[in-house]
Structures are given as C-alpha cells and as structure tokens.
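Hi everyone, thanks for making time this morning. Let me put the model on the screen, and then we can walk through it together.

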Amino acid sequence: MKKFIIIYILLIGTFVVKAQVKKNFTLIMRTTGYIVLYDGDTAKTFGFATKLSQNPPIPGPLIEVNEGDSVFVLAKNISQGPPHTIHWHGLDVDQANDGTPATSFELKHMEEATYKFKATHAGTYIYHCHMGDVVHVQMGMYGLVVVKAANAAKTAWTGGPNYDSEYAWLNSEIDKKWHDSIPETDHDSTQKGHEIFMIPKYNPTYFLVNGKSKQQIKADSLTCIKSEQNKTIYLRVGNIGNMQNRITFPSKLNAKIIDSDGRPLPTVFSSDSIWVSPGERYGVLLQSSDILDDSISVEYINMNTHKSVATEWVPVTITKTNSIAEINVYNNLQIFPNPAKDNFYIHFNEQKNIKYNLTMYNTSGILCFEKQLVHNAFEIAGISFSKGLYFVVITGSDGGQYSGKLLVD
Amino acid sequence: MNKRLIYIILLLFSFRIHAATVQKQIHINKGYFAALDTTYFYYLSYNSDSTFSQQSVLITLMQNDSLVLQIYNHDSVDHHFFIAGKASQKIASNGSATVRLLFTQFGINLFYDDLQFPKNMYLGLSGTIAVLEQGRDTKNFYWNLRDHQKQWNIQEGNTINLSQYDPDYFTINGQSFPVVQNDSLVKIMGKVGDTILLYMVNSGLSAHSIHFHGYHSRIVSTTSKTLKKNWEKDTYPLETMENIILELIPDKPGIFPVHDHNLVAISGGGRYPNGMLIMMEIK
C-alpha cells in the first residue's frame, strides 16, 4: 500500500514539474527598421526585435518552445506611430491574447503587456501584428513560432516520426512601393480596432525565404539545407505573404508531407511539390540515399492570375555519411567504464614500435578531443566532456584502427 | 425475426419521412452591384424572386430530397443553369425552364451559368445548393466567395482577360465586411460544444485562403486539389470552383475573426478593412 502511495506522489510530482515549464520571451515593436535587399537596395520596415539597439530582423526572432510549455511574451511598443498587437496565428489562444485589436488589446506608444498561452500542439505557427495587418505584415511584423515535441524530442510531434536535423522557412514578398510610401495606418486613439485606411495595389518585386532572396539565400546557413545520406530532415514551411507558394523538391529527396497547421495529417503522403497558401504551414520529411547537390524551388503564384511570377532557389546538399562504423583491429581493446563520468580508461595489448592517435567526435561530427597514446593503458581524466554520445577513434601508425562509442553521462 | 422485420420497416419508414420533394424558383435578374464605397457595376444574379439582389439564392435540402426548380430568365440573352455531373439546362432569354434533381449525397453543390465561361459566372451567376445530413444537429453557415474587378463590369459585354485579372472587391454571399455580418447565413455564431458546419464555395476567379482565429476545424468534405478529408487545420485554401465543408466544435467562448489571409482581400476599392472578413461569436 505504502509503495502505491509513494508511486502516486511521485506521479503527481512529475505532473507538477511538467506544468511548471515556463518560457519567457521579449519582443520590441519598432517602425524604424530597414532591410537590405538582394540588389543592394534597402526598404523601410516595421518589425520585432529582442533588444532596443537591434534593427528588427525579417522574419522576427524565432519563438521556440516545447509542447506543453506555458509561454509568456512581453511585448513593448517603442514605435512612435500606430499601435501594434501580436496575433498567435494557429495557436488557438483565447480571445484576450488573440491580438485582434477590436477584441483583444493593443499597445500604443511606450505601452507594454504580456501575451500568455499554452503550447498545446507541436507544430509550426506564425506570429504577426494584427493592427492594420495588411500593412503591418507587409512592413515586416511577422515571425515563426516553432513548438517542438514534448521535452524537445527530435520527433515532429510527441510520438511522431523521428528526424536528424530541422529547418524552418517563412516565405513572404515585398512591394517596395508600399515601403517607400507607407500607407496611412495612424489611428484615432479614441477608436479601437478597425479604423479605415486606403491601400495601394499590390505588386511585389522581391520574393523572400526567411527574409532573403537570390544570393542572400545561398549565404544563409539557416535556410540552405545540408545533410548526409539517409539522414532525415524535417522542413517546416510557412507562408505569410499574399501569394501562394509552390515548393518543388528534387525527387531524390523523397518528400513526405506529414503535418499541416500544427496537426499531424491523418495519412502521410509523398509528393515532390506542395502548395502553401497565405497563412498555411506544412511539415515535410526529406531523406536521400544518394549524395546530392541540387536546389528546392519556391515559386510565388499570383492568386488572381494564377501565374508564377517569381522563383527562388534554396540549395540542398546531401553529402556522404560521416557516421563511423564500429571496427576494431586491435586485440582486447577496452574502454571503461562506459558510460563514463569524469574519467575513463583505455587498455589494449601493447604493439611494439607503433604510435597511436586518439580522437573523439560528438554526434555532429565535430572533433572534441585528440591525444597521442604511447602506452597500452591510459586514463583520460580532468577533461569536462558534455553529456552525450561520442565516437572514439584510435589509429595506429601501422594503419590499424579502432572505432567505438562512448557515452558520457 | 419479427423484431428485425419491425426495425427494417421503421428504417424504411424513416427514409420515406425525410425524402421530400422541394419546389423552388430561381430568377435570373440583372442589375448593379453596390460596393460599400458607393461604387456600382453591372451584375447578374440568381435570386429567389424577380427583384434583383446581389446576394445569390441559397437552397438547402436534406439528403435524398428531390428538387423541382422553376428557373426564369429575365435577361434579354440566353443563360444556362449548370451543376457539374447533374444538370445542364438552357433558359432562353425572357423564358423559363424546369429542372428536376435528386440529391442523395451530403455536400455542397455549386450551380452557375457555364455560357461564355467564366464570364457569366464571374458577373454573378452562381449559387449554392447545400445538402444536409439526415439526423445531425448542426448549426450551418454558407459562404459563396467572389471577387470583382470594377473596370470589367462597368459596361456590359466587357472582355474578361484572366491574365491581367486584379480584383478590387471581395465578397461573401455578395457582401463585404462589415455589412456582411448582418447576414445570419454568413456570420458564424454558436456556443461551446456546438457542431458548426461551414459550407464554402469559391465562385470567384481568384484563389482564396480562409483563416480561422481561435480554433482548428476538421475538413468534412472537399473538392480541393491540395486539402484532404479529415485534415484539421486553421487555414483553408480554395481555388476557383472548389468547395469545402468544415466542422468546428468550439472549445472556448470568444469573438474571433475569420478572414482571407491574402490580406489584400480584406479590402474593397482599396479601403481596409472591408472584403472577406467576419467576426465569429462563440458563447
């Protein structure tokens, strides 16, 4: 009986700990930003920054949380112009935190407030200003919210498919004329919400993936996809522009569409292209058994004429796998203890007149430790390895090699 | 055995009760579309009587109902009444015709004039027949999405050039925000736990992308090339001529917008906010 009570208390304790995971963010609303376009021209922007001194990036700072987290976002409007809000697109928050000016709250000059919501479903979401949204979104007030699986597991959602690496793209467009002469969005402070103003015709000339075009994309390591053979890539794609996107994958990537708008699809389907309409998000798994040096195309489709008006190309590089096979040409080579903590030992039968080189790599393939071995028994101590899995490689001057795994706990 | 026979008889009897013959009239009228900024342009409409209204007629039936439609054409040129796979009927100028149809499948049917396609449909000749499921207690709303470019409608007979299409006005059942909120078939209202069905067709020439604040909905039925049945989403793209039925079961109260996320379509003649936007109210 006592046993049951202890288990029960432990269980409740676990739930309490889970419920207390809070993630805090600060977003500063500004209207004096700028973006450097691929041709060297610049455009005035509005946006969200994390520091007072920061030019608001496009897209805004990534909000990354785990499923089940309670999220608190302190929003500060330091701009001189119109009020702002933040709409949590797709997160199904309550009315008070929805960011619709007429039904939620708005932040005037030098006002601040905290948006609160719970991240109930892993997935890809968008945040954007909903005050005069047609203008404020065009000016750059948007960003991504990534809700990872519980405990940040490398699965698309809790219990969902595994992945090795992930990328997130938020696509949009810029009509430079809107930025050069910002449509009037100042508001009468006695009114709330839907004040009327005029907008010009929309004819964008810059087409963005994560705020970048053309050669800017090729230089952006957060956008360009790099992976290895047979590794699974999870690509999140959102569209906050006013055009549809048609995204076409090289067939060797074996694209599988697995989720949309923060919910798993009832049936996974394979397709070399997906259409992403304004406000939509998709999750795609990519994996190639071949090495690859290719591109994923992102087309921007006019929703009225249904014509493709521009294409951006995102490089994708799949290299030969770097995973290290476990081999051992040396007799009786032992690494112990395994798992290790602060120190561990290497022991093997002595080979006369042979020099040995010890190297250790983390799971990303980064060299973490290297040492020459001159005896047949070694203690590796006094080095603070981070917890995790390491590949241990010992090569001898005779051409022999040992490779194995060591877990540091 | 007797018990089973009684059940079968009861079942058959219940089908007989719900299979009705519904008689309706549709009038093809011409007039002028009035936008909220006092812009007017030439328009055609399927109405329930001979008085022109820019809001097309909506017909609702139950599964297995038969429909007898008397269609009157008050225009001086011929028109058609067309439903893909179901009906194709010419209605001569200033004439009339009768169409008899049986609807066995739950869903939404777009009817339109396919003459000079898509011109007459674009000028307003489209409407919807919603077929409701037997025995389901649902709150139903009906949206017919359209878009309009003023310069192509001012004069009768203007040529539609799809390669240069750039609409100025965006409507749901012929009206825009905020006036469209007065249409009880459009403004979504309900309470927590209700089963709300939104029957939506796109008879405009543009694609639209309808986003719900506050809730995800389940796709009950769709003709969309990208979306699939039973997907749960918050944003629903609709290409021209596509339809979709959404099931929303609200889990919390609130007033939330539902709008096109091509944000330009929340305007009318350049005025924002206007166009495809409503405020949904859940108690």
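Predicted model: local features only at pLDDT ≥ 70, side-chain atom pairs only at ≥ 80, totals over all residues.

Residues are numbered from 1 along each chain as its sequence is written, while chains are lettered from A and ligands numbered from 1 in the order in which they are written.

Back to that pair. Strand 1 (residues 21-34) and strand 4 (residues 65-73) of chain B run parallel, joined by eight bridges. When I say strand or helix, I mean a DSSP run, E of at least two residues or H or I of at least four, numbered from the N terminus. Two strands pair if DSSP finds at least two bridges between them. Strand 1 of chain B also has eight bridges to strand 2 (residues 40-47) of chain B, this time antiparallel. There, B:Lys30 stands opposite B:Leu44. The hairpin of these two strands has five residues between them, and B:Thr38 takes a positive phi near 70° in it.

Now chain B as a whole. It has two helices and 21 strands, and its C-alpha trace spans about 70 × 50 × 30 Å along the principal axes.

Of the 283 residues of chain B, 47% count as buried. Buried means 20 or more other C-beta atoms within 10 Å of a residue's own, exposed means 12 or fewer, and partly exposed is in between, with C-beta atoms placed from the backbone.

So is B:Asn94 buried or exposed? It counts as exposed, because it has 12 C-beta neighbours inside 10 Å. B:Asn94 lies in the loop between strand 6 (87-91) and strand 7 (96-103) of chain B. Leaving out residues up to four places away in sequence, B:Asn94 touches B:Asn73, B:His74 and B:Ser76; contact means C-beta atoms, placed from the backbone, within 7 Å.

Next, the core. A nonpolar core is a set of buried Ala, Val, Leu, Ile, Met, Phe, Trp, Tyr and Cys residues joined through C-beta atoms within 7 Å. The largest one has 149 residues, and A:Trp88, A:Val145, A:Val284, B:Leu198 and B:Ile278 have the most contacts inside it. Strand 13 (residues 196-202) of chain B gives the largest share of this core, six residues.

Finally, where the chains meet. 34 residues of chain A are in contact with 36 residues of chain B. Helix 2 (133-138), strand 10 (197-198) and strand 16 (263-270) of chain A each supply at least two residues of the side that touches chain B. Strand 10 of chain A pairs with strand 20 (residues 271-272) of chain B in the antiparallel sense, over two bridges. In that pairing, A:Phe197 has B:Tyr272 as its bridge partner.

That's my tour; happy to take questions.

Methods
Contact = placed C-beta atoms within 7 Å.
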